[in-house]
Amino acid sequence: RGTGLGGGHDEREQTLNAILVEMDGFDSDDRVILIAATNRPDVLDPALLRPGRFDRQIVVDLPDINGREAILKVHARRVRMAPDADLRQIARGTASFSGADLANLINEAAIIAVMKSKEYVETEDMEEARDKVRWGREKKSRAMSDEERRTVAVHESGHAIVGKLLEPDVDPIHKVAIIPRGMSLGATMYLPQEDSYLMRRKKLLGTITTALGGRVAEEILVGDITSGVQNDLEAATEIARMMVCKWGMTKELGPIDYSEGEETLFLGREITKVRNLSSETARKIDNAIRNIIESCNEKAHQLLEEHKDALETLTLALLEYEVLDGHEVELILEGKPIERPEPERQKAKPETDNNEQPAEAEGLPEFREGIQPA
């Protein structure tokens, strides 16, 4: 691996030659099968892949829904599962998870169940663990000012409203929250209900429109734009660039692949690579990407202006409840009230005498996660 810019005595060159010499020493009657694995097939030297060497390649792809269910059953044997735990439901909601992700999900679910003083791991524990594995752990201890908290609520409401209005062309809304999770201050989570192997143009445009919904919502309700749109713009621009350069989804440039080779330099390959695009074509590509982004931005602005009342209502609901699921977002769009008990953060504290300290709540607070009781 690497750039391969060294000389003939480069370590990578010597290792490759040694492997090739050893493999040439096998005769057809030696009954020896040589097996190897790599997660970087793009940097393998072609000499390794010629007939008589590693001539049969088997691609181990991410598991489908049946494979994920089987993997979950294997790892679930190590923990005490509730009799009604639905592994099929978890497998359906973990599209694109690898085997390692699923093993981590079971471990996290067991930790969550222990912290809640449960005897068994239940389906809700696995769903909470799935959210943690996919989007990062919640950071409820991070303090934000009221103004920043409202801005985050407006931003996430914009994503949620646009995403809900564009269903089923985009993945359904799973949850929207203003609790910091991972590196973000809030999150709008989308959860595909089935494995998808093809990306349709309508879905790609809907994904870009949803990504821009947060920025548009800030413009409408806050009257300004914050730096929180950075990841959204990066994702939207990357999708638009792929649509133009790789997938031929624009009329201006037609069904032509304009992408530059992204092959990693190895053993001196492609050092003299030249640019294949003219300046005029590059300008057309930039304009096509801009047109896609601007049209999706206008679509998001139109949707949010038409449903401005729902946007304001969802913002207030997020400020009150902090976390809403997709069904509750749909109720707000329909103008129906959310039926939910009083949020935990606003529940009355237990009554105590003046000289008594309130009893410690059951379970360990999140900032003490990992600390085991004596």
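Helix axes here are lines fitted to C-alpha atoms over the stretch in contact, and the angle between two of them runs from 0 to 180 degrees between N-to-C directions. With that settled, here are the close-ups, all taken from a predicted model.

**View 1. Helices α6 and α11 cross at about 85°.** The two helices pack with their axes 10 Å apart, at an angle of about 85°. Angles of 65 to 115 degrees count as roughly perpendicular, so that's the label α6 and α11 get. On the α6 side, look for Ala 160, Ile 161, Lys 164 and Leu 165; they meet Gly 326, Val 329, Glu 330 and Leu 333 of α11. Sorted by class, this contact has five nonpolar residues, one polar and two charged.

**View 2. Helix α10 and what covers it.** Spanning residues 308-321, α10 packs 14 residues into a reach of 20 Å from first C-alpha to last, close to the 20 Å expected. Its buried residues are Ala 310, Leu 311, Leu 314, Thr 315, Ala 317, Leu 318, Leu 319 and Tyr 321. Among the elements covering them are the helices α6, α7, α9 and α11, along with strands β1 and β3.

View 3. Cys 245 has 9% relative accessibility, so it counts as buried. Cys 296 is buried too, with a relative accessible area of 4%.

Notes. Residues are numbered from 1 along each chain as its sequence is written. This is a predicted model: local features need pLDDT of at least 70, side-chain atom pairs count only at pLDDT 80 or more; totals for chains, interfaces and linings use all residues. Side-chain values use heavy atoms; hydrogens and water are left out. Helices (H or I, at least four residues) and strands (E, at least two) are DSSP runs, numbered from the N terminus. The expected span of a helix is 1.5 Å times one less than its number of residues. Buried means under 20% relative accessible area, exposed over 50%, partly exposed in between (1.4 Å probe, protein chains only). Contact means heavy atoms within 4.5 Å. Angles under 35 degrees count as roughly parallel, over 145 as roughly antiparallel, 65 to 115 as roughly perpendicular and the rest as oblique. Ala, Val, Leu, Ile, Met, Phe, Trp, Tyr, Cys and Pro count as nonpolar, Asp, Glu, Lys and Arg as charged, and the others, Gly among them, as polar.
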